[in-house]
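Student: Please take me through how to read the features of a protein model, one at a time. I would like the general idea and then the case here.

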Amino acid sequence: MSVPRACVGSGVVVTLALCSAAGFAVEAPTKPPTVTAPAPAAKQDAESPPERPPAKVRVGGYLKPGAGIRYRADALPKDRLDYGFSGGAGLSVVAEPFPYWSGQLKLQFSSEVFSAVTGVQLFDLGGDGRPDGLVYTTKAVPGVTLREAAVKFEPTPLFGLRAGVMRIPFSLQQQSANTGLMFPTRARPNEIFLSGADFGAQLRTRIKDGRVIASLGAYNGDSLGLQIENQTARGVVLSGRVDANPLGDFALQGGDHARGPFRFGVGAGLLFRPATLFDERTGTEEKSFQDLRISGSIRVAARGFYFAAEYLRRQQLDDYSGRAHVADGAYAQAAFFFPLSRSFAVEPILRAGFVHEDQTFDPRLTGYTDAGINVFPVADAERPSDVKVTVQYLGERRFTEQEDAHGGALTLQLRF
């Protein structure tokens, strides 16, 4: 039944009563919706800084336990057989609080970082009651080494600035991280010429996706090692390094785990330290001192095969000792990474090198041979070397003393 027009839409009480008495169904008038005005936006304080996204922080590290044995047939009975467990660990923190700005902290933990003096004893060689010297007894003490603590500003790959504690990029081995090495340790010729980190600042450029990488820097020089006893050197180390990779960049590791295309690269490094020498006991006797070191390298990689060779030379001149300190060394290493299944791979490794120290006064020539195999139980990971087991042979030949040493080592690496 239709409702009379008079009964629709009226809000008058009398009309509703008449329509209801007539028997028509009546709906209560609908109340118009209430429109709520939006709340006024809070007025931002013009002086308050704008909100920024939270800083990106990544924490990682590694564990590297191992065991080894070494035998020297011609050494003293105390030094003839050496064996035991060894290892180390590292912690890494990377923060990116602002665009273009980042910081990195790397710590290395070891059971043999410092040698503490545990005893002192006088000795009398002539038997006349007058002491001729002291004998110190030392013991290894666990400690922590600062490997990197640097701030980086890099608005573009063409320009980057780093300052703090870092490794001087003088050689290929020095640029690789502890967990990116082909062998568990760096090549021994590299450790003779440069070891550890240094305080300083560095400018770096990366052109055409790493086809050319160059750096200039200035450092304190603590990682170079002074070759003159009882002297303190004061002078800044100036460094430069250029790497050319015409067919593409290399990862900072000793191997081709990505099984990439054919690439080759050449590089050269230079360190120069003009300094002044002071006697440690008197603090006087100023003498001039110059330390020059050079390095040259070559790399080749293709489909899992990797080869690298490097030559290093050091020459120190001073007007204190009256003679030059000259040393050189070189090494070559090769590896071939190939998977046996989707998640398991092996990598035969080989390295040989030599160090010729103090060539102008007391020459000592030592040769090294290392060989073994790396096993990757999680080869399908983004970084296959996150879990790596290394079994290696250690060989050493001291040509000057006509002494040989042979040994072996087993090392496990876990990176996270």
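Student: Where is the place of Phe159?

Tutor: Helices (H or I, at least four residues) and strands (E, at least two) are DSSP runs numbered from the N terminus, and the place of Phe159 is in strand β5. Please keep in mind that this is a predicted model, in which local features need pLDDT of at least 70 and side-chain atom pairs count only at pLDDT 80 or more, while totals for chains, interfaces and linings use all residues. Residues are numbered from 1 along each chain as its sequence is written, and side-chain values use heavy atoms, with hydrogens and water left out.

Student: Is Phe159 buried or exposed, or partly exposed?

Tutor: We call a residue buried under 20% relative accessible area, exposed over 50%, and partly exposed in between, using a 1.4 Å probe and protein chains only. Phe159 is partly exposed, because its relative accessible area is 37%.

Student: Which residues form the nonpolar patch on the surface?

Tutor: A patch takes residues with over 30% relative accessible area and no salt bridge, joining like charges within 9 Å and nonpolar side chains (Val, Leu, Ile, Met, Phe, Trp, Tyr) within 5 Å. Here Leu158, Phe159, Leu161, Leu203, Ile207, Val212, Leu216 and Val242 form such a patch, and together they have about 660 Å² of accessible area, a value from the Shrake-Rupley method with a 1.4 Å probe, where for residues only the protein chains shown count as cover. The elements that give two or more residues to this patch are β5 (159-166), β6 (198-207) and β7 (212-219).

Student: What does Leu107 touch, leaving out residues up to four places away in sequence?

Tutor: Contact means that heavy atoms lie within 4.5 Å. Leu107, which is found in strand β3 (residues 101-123), touches Ala89, Gly90, Leu91, Val144, Thr145 and Leu146 when residues up to four places away in sequence are not counted. Leu107 and Val144 are 37 residues apart in sequence, yet their C-alpha atoms are 6.7 Å apart in space. With a relative accessible area of 23%, Leu107 counts as partly exposed.

Student: What does Ser92 touch when residues up to four places away in sequence are not counted?

Tutor: Ser92 is in strand β2 (residues 81-98), and, with that exclusion, Ser92 touches Arg58, Val59, Gly60, Gly61, Gln104, Leu105 and Lys106. Ser92 has a relative accessible area of 19% and is therefore buried.

Student: Where does Ser385 lie?

Tutor: Ser385 lies in the loop between β16 (364-376) and β17 (387-398), and it counts as buried because its relative accessibility is 3%. Leaving aside neighbours within four places in sequence, Ser385 is in contact with Thr179, His257, Phe376, Gln413 and Arg415.

Student: How many salt bridges are there?

Tutor: Side chains of opposite charge can pair when their charged atoms come close. The rule asks for a side-chain nitrogen of Lys or Arg within 4 Å of a carboxyl oxygen of Asp or Glu, and the count comes to 23 salt bridges. One of them joins Asp243 and Arg241, with the closest N and O atoms 2.9 Å apart, and both residues are buried. Arg364 forms a salt bridge with Glu357 at 3.8 Å between the closest N and O atoms and another with Asp362 at 3.6 Å. Arg364 is partly exposed at 30% relative accessible area, and Asp362 is partly exposed at 39%. Salt bridges that share partners also join Arg70, Arg72, Glu396, Arg398 and Glu403 into one network.

Student: How many helices and strands does the protein have?

Tutor: The protein has 4 helices and 18 strands, and 34% of its 416 residues count as buried.
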